[in-house]
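The sequence and the model come before my entries.

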Amino acid sequence: MRMEFLRRTFWAATRQDLDCFVIDNNGFILISERPQEMGRFLGEVDGALMTQLLSMGVFSRVTMYDYQAMCKPPTHHHSASQPLVSPISALLTATRWLVNELLLLLLEWSAWGSWRGDSGAEAKAVFHHSHKHKKQDVLQPCDTTYPVFVHETAIRGANGVVECGSCQKTFMMQQIPSSNLLLLVTDPACDCSVFPPVLQEATEVKYNATVKCDKMRSRKLRRRPDACHAFHPEENAQDCGGTSDTSASLPLFLLPLGAWVLLPQLLR
């Protein structure tokens, strides 16, 4: 069943004066009246509702670890003052800036750029983009943690009220039979924006010196073997390969030639 057909059927069978969602067992919205909300996490769209479902035990928070993440390196600022720059470093910086400016000037005012203005503009844009791309931060391997929300299958239905200050937001949740989907119906009249969104942001794990050293010792770098084992005593080389003994077959060689000669006569 296609998602669009399921979405049209769902909205034809539900009341339009309510907010209705179909979410999966991890809290991601599959069907919503607003297409921009489809595929997003419920806690990001409605933090009040997700917070209430967590407090009722409908969803549970599980911490997951990513041991192959990439993070920005820490920046160390020993003081608020700028570090001393050596004369050689200052000269190199000035030279680099001067070369960049000369290249931009050539791209703008050269004869090639004067009669092909569009191409010169494109080259300038590419130069700016590549120059800007080099200034991006370099990432380094790290470990991160991030929350994952899982539906408690023992709770098939729930309803309640969310206190949002000046109003109350009622909701109802029901599991869709023979699936991992949940139907959520809420009252759109109450504004619960006072609740912060529930996000699934990753956080870098900070290790102390002892744990960091232990992890570096346990993560040994992979290396190539010291010797190349290209032969095994139990292997029979006559059973392998054999492509060097392949010879051209005369019938197969004459078949394309005969087809090229006979095909025009057959098509007459």
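The entries below cover the disulfides and the surroundings of their cysteines.

**Entry: basis.** I worked from a predicted model, in which local features need pLDDT of at least 70, side-chain atom pairs count only at pLDDT 80 or more, and totals for chains, interfaces and linings use all residues. Residues are numbered from 1 along each chain as its sequence is written, and side-chain values use heavy atoms, with hydrogens and water left out.

**Entry: count.** I looked up how many disulfides the structure holds, and found three. I took a disulfide to be a pair of cysteine sulfur atoms within 2.5 Å. In general, such a link is a covalent bond between the sulfur atoms of two cysteines.

**Entry: C71 and C142.** I noted that these two cysteines are joined, with an S to S distance of 1.8 Å. The torsion about their S-S bond is about 65°, so I recorded the disulfide as right-handed. C71 belongs to strand β3 (residues 59–71) and C142 to strand β4 (residues 140–151), so the bond ties together parts that lie 71 residues apart in sequence. Strands here are DSSP runs of E with at least two residues, numbered from the N terminus. I then checked burial, where buried means under 20% relative accessible area, exposed over 50%, and partly exposed in between, using a 1.4 Å probe and protein chains only. C71 is buried at 10%, and C142 is buried at 9%.

**Entry: C164 and C192.** I found a disulfide between C164 and C192, S to S 1.7 Å. Its torsion about the S-S bond is about 85°, so this disulfide is right-handed. The pair links distant parts of the chain, 28 residues apart: C164 sits in the loop between β5 (157–163) and β6 (168–175), and C192 in the loop between β7 (182–186) and β8 (203–204). C164 is buried, with 4% relative accessibility, and C192 is buried, with 9%.

**Entry: C167 and C190.** I recorded a disulfide between C167 and C190, whose sulfur atoms are 1.9 Å apart. The link has 75° about the S-S bond and is right-handed. C167 is in the loop between β5 and β6, and C190 is in the loop between β7 and β8, so the pair ties together parts 23 residues apart in sequence. I found C190 to be buried, at 7% relative accessibility.

**Entry: order of pairing.** Which pairing results when the bonded cysteines of the chain are numbered in sequence order? I wrote down 1-2, 3-6, 4-5.

**Entry: C20.** I also looked up C20, which is buried with a relative accessible area of 4%.

Definitions and conventions. Helix = DSSP H or I, 4+ residues; strand = E, 2+ residues; numbered from the N terminus.
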